[in-house]
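This briefing is intended to be read alongside the sequence and the coordinates. Please keep both at hand while working through the topics below.

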Amino acid sequence: MPFKTIKLNDGRQIPEIGFGTWKIPQDVTSQQVQQGIEVGFDHVDTAQVYRNEVEAGQGIRDTGLKREQLWITTKWSGVDDKPVRQSCLESLEKLGVDYVDLYLIHSPRLCKGDIAGTWAQFELLKKEGLVKSIGVSNFTVDDLKTLLKTAKIKPVVNQILLHPYVIKQQTPLLEFMQDHDIAPEGYSSLIPLTSRTGGPVDKPVADIGKRLKVEPEQVLLAWSRAKGAIIITTSSRKDRLERYLAVGDIHLTDEDVDAIDRAGKKGEKDKAMREMAMSGARYLVLAGLGLWAVGKLVL
Ligand SMILES: NC(=O)c1ccc[n+]([C@@H]2O[C@H](COP(=O)([O-])OP(=O)(O)OC[C@H]3O[C@@H](n4cnc5c(N)ncnc54)[C@H](OP(=O)(O)O)[C@@H]3O)[C@@H](O)[C@H]2O)c1
């Protein structure tokens, strides 16, 4: 079954996979966004701080699709300390649209200790019709609890880092979000293939890929989907984008998901041990230097 939509807590339907524009250079953003949409993505995820909203908007227009045929998310990233409403209006202008489907607080730290006040401004944007749905990103359980204390409108999503090497730390957050009907959007799920290669996750991913006759990136995105997440990913390559969309037809068994989770937790533990050993070594070097300096002073 190809990817469909997920019903959010405000009743709106979000496409289950989105094409992200983070780190795409401005000079190729419109071409890559257009390619993503022409391959079949109907959900574009961008942000004020990616500084390519103008080009993303151009890529969207180049497809010739009607505005309502696409889901567009952007984020308030606190660029240049601009207030929420001004940032939102500027993003709309840059994208060349009169509303976005989803507007996110990019990170709780942007609220500078005032999550309630910032969220109230997001609620006003929704009332004004500038944004259809509102949500957050990179919020912890505590951040969400703070927000929910005063929120009149619940965030529809929390866009979070979601890959096997962080599954242990993210599981309580995923559970909290499920209990409060806040949908997870998962980004950087391909980290085991991009920046943390050679770790314990490689083997189960390769084994599952071999069994299902699919590529490792497809196994990782299917894993993210199995965690209940809306997938936010990207690629400059048409063949990869086609493979991402084919993940709609890939279903992992509970055993597959468990094997990837176990390997991810092992990788997380190994990394923590390595970091502890490194900081222990640093401490010993500093202590040694300190003793040497004291020795010099005494002599
Ligand atoms: N809210 C936040 O704070 C936040 C943070 C980060 C990201 N995001 C969103 O999430 C989107 C995706 O983030 P991401 O780029 O970190 O996601 P990702 O899905 O983990 O990685 C995408 C990258 O994986 C590469 N890739 C795919 N298959 C590969 C393979 N088999 N081997 C090696 N590399 C492979 C692609 O490179 P090619 O181009 O070469 O195919 C692409 O650049 C962003 O664009 C952004 O919209 C949000």
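Lys 213 counts as exposed because it has 8 C-beta neighbours inside 10 Å; a residue is exposed if 12 or fewer other C-beta atoms, placed from the backbone, lie within 10 Å of its own, buried if there are 20 or more, and partly exposed in between. The structure is a predicted model, in which local features need pLDDT of at least 70, side-chain atom pairs count only at pLDDT 80 or more, and totals for chains, interfaces and linings use all residues. Residues are numbered from 1 along each chain as its sequence is written.

**Overall architecture**

- The secondary structure of the chain comprises 11 helices and 10 strands; these are DSSP runs numbered from the N terminus, with helices (H or I) of at least four residues and strands (E) of at least two.
- The C-alpha trace of the chain spans about 80 × 50 × 40 Å along its principal axes.
- Of the chain's 299 residues, 40% count as buried.
- Contacts (C-beta atoms, placed from the backbone, within 7 Å) are counted here between residues at least 6 apart in sequence, and 74% of these join residues at least 24 apart.

**The barrel**

- Eight strands close into a barrel in the order 3-4-5-6-7-8-9-10, with parallel pairing; two strands pair if DSSP finds at least two bridges between them.
- Direction ignored, neighbouring strands of this sheet are turned by 30° against each other on average; the axes are lines fitted to C-alpha atoms, and angles run from 0 to 180 degrees between N-to-C directions.
- Strand 3 runs parallel to strand 10, to which three bridges join it, and Phe 19 has Thr 233 of strand 10 as its bridge partner.
- Strand 3 also pairs with strand 4 in the parallel sense, over two bridges; here Gly 20 is the bridge partner of Asp 45 in strand 4.
- Both faces of strand 3 are covered, with Ile 17 and Phe 19 buried on one side and Gly 18 and Gly 20 buried on the other.
- Strand 6 (residues 100-105) and strand 7 (residues 131-137) run parallel and are joined by five bridges, and Val 100 stands opposite Val 131 of strand 7.

- Helix 1 (residues 26-39) has 14 residues and should span 20 Å at 1.5 Å a residue, which agrees with the 20 Å between its end C-alpha atoms; the expected span is 1.5 Å times one less than the number of residues.
- Thr 29, Ser 30, Gln 32, Val 33, Gln 35, Gly 36 and Ile 37 are buried in helix 1.
- The buried residues of helix 1 pack against strand 3 (17-20), strand 4 (43-45), helix 2 (53-62) and helix 10 (238-246).
- Gly 40, which follows helix 1, has a positive phi near 140°.
- Arg 61 lies in helix 2 and is partly exposed because 16 other C-beta atoms lie within 10 Å.
- Arg 61 and Val 33 are 28 residues apart in sequence, and their C-alpha atoms are 9.9 Å apart in space.

**Thr 21, in the loop between strand 3 and helix 1**

- Thr 21 lies in the loop between strand 3 and helix 1, and it counts as buried because it has 24 C-beta neighbours inside 10 Å.
- Leaving aside neighbours within four places in sequence, the contacts of Thr 21 include Thr 29, Val 33, Val 44, Asp 45 and Tyr 50.
- Thr 21 and Ile 232 are 211 residues apart in sequence but 9.9 Å apart in space, C-alpha to C-alpha.

**Surroundings of the ligand**

- Of the 24 residues around the ligand, Gly 20, Trp 22, Tyr 187, Leu 190 and Thr 233 come nearest; a residue is near a molecule if its C-beta atom, placed from the backbone, lies within 6 Å of it.
- Helix 7 (191-194), helix 9 (216-226) and strand 10 (230-233) each supply at least two residues of this shell, and the largest share, three residues, comes from helix 7.
- The shell has seven nonpolar, 13 polar and four charged residues; Ala, Val, Leu, Ile, Met, Phe, Trp, Tyr, Cys and Pro count as nonpolar, Asp, Glu, Lys and Arg as charged, and the others, Gly among them, as polar.

- Lys 213 sits in the loop between helix 8 (202-212) and helix 9, and its phi is positive, near 60°, although the residue is not a glycine.
- Asp 81, likewise not a glycine, has a positive phi of about 55°.
- Asp 81 is found in the loop between strand 5 (71-76) and helix 3 (84-95), and it is exposed because 8 other C-beta atoms lie within 10 Å.

Technical notes:
Two residues are in contact if their C-beta atoms, placed from the backbone, lie within 7 Å.
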